[in-house]
Amino acid sequence: MALRPRALAAAAAAALMLSLSANPTAAATAASAHSGGPARANCTPFTSRVAPTEDTPADQSIAGTLCTPRGTRAGTVQLLVHGGTYDRDYWTVRGRTNGPTYVEAATRAGHATLAFDWLGTGASSAPHSSRFTDTTHEWVTLQLIRTLRERGYRKVVLVGHSLGATVSRMVAVKHPDAVDGLVLTGEGAPPNLAAFEEMFHLYMPAGQHPLLAWRRLDDGYLALRTGAKADWFYDRRTTEPHVMLRDELTTEPSLYPTDPAYGGISLNGRIRVPVLVVVGQDDKLICGGQGTDCSSPAALKAAAAPLYGPQARLETLLIPATGHSLNMHRTAPAWYAYAQDWTKRRVNGGR
């Protein structure tokens, strides 16, 4: 399908407005889909100065939201690392109308969360792309982990989506004492590399994207063409249309590692903390081809298990009728609940 960004953006906007004007309930849901203020939690703005690379000044600002359970002191914090094309709002989306967000599920289970925007996304600083290296995202993540430790959190779990999960894995590989557990979503199992190559051609310089041109980013920042998320990240059977439309209209720019070998799964054997891998059964970027057999939970476990050592105590979870962006589907609460139980068993309960 030939993608024409301006035409698709205009069409998506028109369809969204029509949908919401015809359905006040949907309008209210869409308005709150990225509200970020979950019930039963204390949520406050979070900012931190960070350096984009080692041995450089901490002259950039990370923006985030720190949420803590009401009435209890959380000893464990989940650091939520979004993937490409998203910002921290990925963790406060309601994939199912009136269903919980990820942050709500975590805080209700007694865990604190910090959802943050990568450098270059959301409300965080957007330095020139020349200041980035392939390891910038993991270096920033490591600095945030240290800040959370300084604030008194005894255990830190990285919960990553897609490239955010890759970054989380690399932090655990290179800094084994930094984290206490990994939750890898839309990642962590053998990828379908042919699908990644095909999707790569749908990226464009963010400065030329009709929804992002106002940010005046240099050409090192990339953005996915409008319309591509619907084809690549979703299973329409379990997607509420207004969620997908809003996703298309709130895409974010991203900087990606230039080394195609970055985050190679051959490094997973070095991970020494418990790992949970969560995959949607219809994730085009993981399942099929030379990637993972997602035909059953047992097949997913068999594909992922050889990548990890015994210290990972690997658990896998396959979510039926779900695409790459798990949080955007009506099925999302199933993995939210499992991840909180896993955190209590594998991290809070000790190894």
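Author: In this predicted model, the buried residues of helix α10 pack against β3, α3 (102-108), β5, β6, β9 and β10. Those buried residues are Ala332, Pro333, Trp335, Tyr336, Ala339, Gln340, Trp342, Thr343, Arg346 and Val347. The helix itself covers residues 332-348, which makes 17 residues. From its first C-alpha to its last, α10 reaches 23 Å, close to the 24 Å expected at 1.5 Å a residue.

Let's move on to β9, one of the strands that α10 packs against. Strand β9 (residues 275-280) is mostly covered, with six of its six residues buried. In a regular strand, side chains alternate between the two faces of the sheet. In β9, Val275, Val277 and Val279 lie on one side, Leu276, Val278 and Gly280 lie on the other, and all are buried.

β9 also has strand partners. Strand β6 (residues 181-185) runs parallel to β9 and is joined to it by four bridges; here valine 183 stands opposite leucine 276. Strand β10 (residues 315-319) pairs with β9 in the parallel sense as well, over five bridges, and leucine 318 in β10 is the bridge partner of valine 279. To get from β9 to β10, the chain passes through helix α9 (residues 297-304), and this β-α-β crossover is right-handed.

Now for β3 and α3, which are also among the elements that the buried residues of α10 pack against. Together with β4, they make a right-handed β-α-β unit. β3 and β4 run parallel and are joined by five bridges, with leucine 79 having leucine 114 of β4 as its bridge partner. β2, by contrast, runs antiparallel to β4, with four bridges between them; cysteine 67 has threonine 113 as its bridge partner in β4. As for cover, five of the five residues of β4 are buried: Ala112, Leu114 and Phe116 on one side, Thr113 and Ala115 on the other.

In α4, 12 of its 15 residues are buried, including Trp139, Leu142 and Ile145. After α4 comes glycine 152, whose phi is positive, near 105°.

How values were computed. Residues are numbered from 1 along each chain as its sequence is written. This is a predicted model: local features need pLDDT of at least 70, side-chain atom pairs count only at pLDDT 80 or more; totals for chains, interfaces and linings use all residues. Side-chain values use heavy atoms; hydrogens and water are left out. Buried means under 20% relative accessible area, exposed over 50%, partly exposed in between (1.4 Å probe, protein chains only). Helices (H or I, at least four residues) and strands (E, at least two) are DSSP runs, numbered from the N terminus. Two strands pair if DSSP finds at least two bridges between them. A crossover is right-handed if, with the strands pointing away from the viewer, the path from the first strand over the helix to the second runs clockwise. The expected span of a helix is 1.5 Å times one less than its number of residues. Contact means heavy atoms within 4.5 Å.
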